[in-house]
Amino acid sequence: MEFSPNDNNNLPLTKFESMLKTNHVLFFDSEEFENIIHHYLTQGKVSLAKKAIKLGLQQHPTSTNLKLFKIEIFVFEDKLDEADTMLNELHELEPMNEEVYIQKANIFSKKDKHKKAIHVLKKALELTEDTQDIYSLLGMEYLFLDKFEEAKYYFMKCMEENPEDFSALYNMIYCFEFLEQHTEAIDYLNTFLDTNPYCEVAWHQLGKQYYSLKEYEKALAAFDFAIISEDSFIGAYLEKGKVLEKLKRYEDALEAYTLTLKLDDATSFALLRIGQCYEKLNQDDLAIQYYSKTVKEDPLLDKGWIAITKFYNKKRNYKKSLYYINKAINIDSENVVYWKLYAQLNQRLNFLEEAERGYKKTLELGNYELATWLIRGDILLKLGEPEAAVYNFIQASEFYPENAEIEYRLAGLYFTLNETEKGEYHLKNGLCFNTEYVFIIEELFPKVYKKRKIKSLLKSNQK
């Protein structure tokens, strides 16, 4: 039983809290203690629940349910040995109590012994008439083991018991998606909707499955049915907008996104999509207005900063684009996409030192694309830092061995540094891997290319 502030049922709770203030011990029957404890646990007031359990067991030391609450607290606080000891004692007294098995499964799960948890839960299933919760727990244990077919089966069983168990529905769809069974998910949802035609969550999930298969017209119909079932379902409006964008119906998409702003506070996602729609419609003033609102609403949303940066980049307004990416970096200096854009923009503006810094940072943050290594090395060459360029390309060769583009650059650099033996080694490697990239020597190292020795090596390779 849950206490309501406007209900006479809250009298035991009021009495209990009054007792705590006065330190005057009053008597409660065990069921009253159970309701009080359940209320506090539901409210997340664990310390008060613990006080109620302690007093409850003092007055009713043989109450199984109060002991189970104490075990639940032990499990919550990771006091698993204490919980296990109490459970073993309870099991001897009540070997047919399914709650004992459920708590035992919780302990096994906490210890990452999921197979044992499943074994115990199946025993609990044999003892109980209320199977829904146990089906759900079994589904979660199979998820922990990455056994998605088994998990899906038990979440389906949950839905059979209670068609409004949306948590089970979401978990089941997650299993379908992980297994890439979009068609099977669609079949299940359509069958489910035959008997539950006004379930907005099922329509929403059906639309997402059609979207995954790029069946946009069917997805649109599903999201419309979700909205018919619940006209304030913001998620359905957002998904509908995404589908309309795919269909290039940008004005209709704008309408869907704008409706979400009327239903609730603006979300950064909706503001961003509105901006993108206006950009597609070439309404630049409104596009930039909504991009600005996006980053103001959620400064940590990288997609907002990226959108506004790319907007000005397309307009070739590189300085303004750089201004916004600098603001983004000041907020999140560990975002690799920000640094890559920063590097590219500085390169376009011929700010080579800043560009090199940007590419270096992207590498430090784990962006090991070949182009990043090549561009950074070429910039270092332009900055008159051949030794640093060599080090850059040697690092690159660890990620991309037998790459001709790297080898020709190393050859040119070593010849420039008068390390002829190393230069010849890398030039031969380059010619061995791919002769088509030999133009790199001529373009990046014209003085090296004119040397007789180089021309001789190139000619001997052509024979």
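In this predicted model, the lining of the largest pocket divides by class into 3 nonpolar, 3 polar and 3 charged residues. The residues concerned are Glu 34, His 38, Leu 41, Asn 65, Leu 68, Phe 69, Glu 72, Glu 99 and Gln 103. Two or more lining residues come from each of helix H2 (30–43), helix H4 (64–76) and helix H6 (98–110). Of the contributing elements, H4 gives the most to this lining, with 4 residues. The volume of the largest pocket is about 270 Å³.

**Helix packing**

Two packed helices are described by the angle between their axes and the distance between the axes.

| Helix pair | Axes come within | Crossing angle |
|---|---|---|
| H1 (residues 11–22) and H2 | 10 Å | roughly 80° |
| H16 (residues 268–280) and H17 (residues 284–297) | 8 Å | roughly 160° |
| H17 and H18 (residues 302–314) | 8 Å | roughly 150° |

Helix H2, which also contributes to the pocket lining, packs against H1 with axes that cross at roughly 80°. This angle lies in the range 65 to 115 degrees, and H1 and H2 are therefore roughly perpendicular to each other. On the H1 side, the contact is made by Pro 12, Leu 13, Phe 16 and Glu 17, while H2 supplies Glu 32, Phe 33, Ile 36, His 39 and Tyr 40. By class, this contact has 6 nonpolar, 1 polar and 2 charged residues.

Helix H17 takes part in contacts with H16 and with H18. For H16 and H17, the axes cross at roughly 160°, an angle over the 145 degree cut-off, so the two helices are roughly antiparallel. H16 passes H17 in a left-handed crossing. From H16, the residues Ser 268, Leu 271, Leu 272, Ile 274, Gly 275, Gln 276, Tyr 278 and Glu 279 meet Leu 286, Ala 287, Tyr 290, Tyr 291, Lys 293, Thr 294 and Glu 297 of H17. The residues of this contact comprise 8 nonpolar, 4 polar and 3 charged.

The axes of H17 and H18 cross at roughly 150°, which makes H17 roughly antiparallel to H18. Their crossing is left-handed. In H17, Asp 284, Ala 287, Ile 288, Tyr 291, Ser 292, Thr 294 and Val 295 meet Gly 304, Trp 305, Ala 307, Ile 308, Phe 311 and Tyr 312 of H18. By class, the contact of H17 with H18 has 9 nonpolar, 3 polar and 1 charged residue. Ala 287, Tyr 291 and Thr 294 of H17 are among the residues listed for the contact with H16 and also for the contact with H18.

How values were computed
Residues are numbered from 1 along each chain as its sequence is written. This is a predicted model: local features need pLDDT of at least 70, side-chain atom pairs count only at pLDDT 80 or more; totals for chains, interfaces and linings use all residues. Side-chain values use heavy atoms; hydrogens and water are left out. On a 1 Å grid over the protein atoms alone, a cavity is a set of points where a 1.4 Å probe fits but cannot get out, and a pocket is an open set with protein on both sides within 12 Å along at least five of seven lines; lining residues have an atom within 4 Å of a point. Grid points are joined across faces, edges and corners, and a volume is the space filled by probe spheres set on the points. Ala, Val, Leu, Ile, Met, Phe, Trp, Tyr, Cys and Pro count as nonpolar, Asp, Glu, Lys and Arg as charged, and the others, Gly among them, as polar. Axes are lines fitted to C-alpha atoms, for helices over the stretch in contact, and angles run from 0 to 180 degrees between N-to-C directions. Angles under 35 degrees count as roughly parallel, over 145 as roughly antiparallel, 65 to 115 as roughly perpendicular and the rest as oblique. A crossing is left-handed if the near helix is turned anticlockwise from the far one by less than a right angle, and right-handed if clockwise. Contact means heavy atoms within 4.5 Å.
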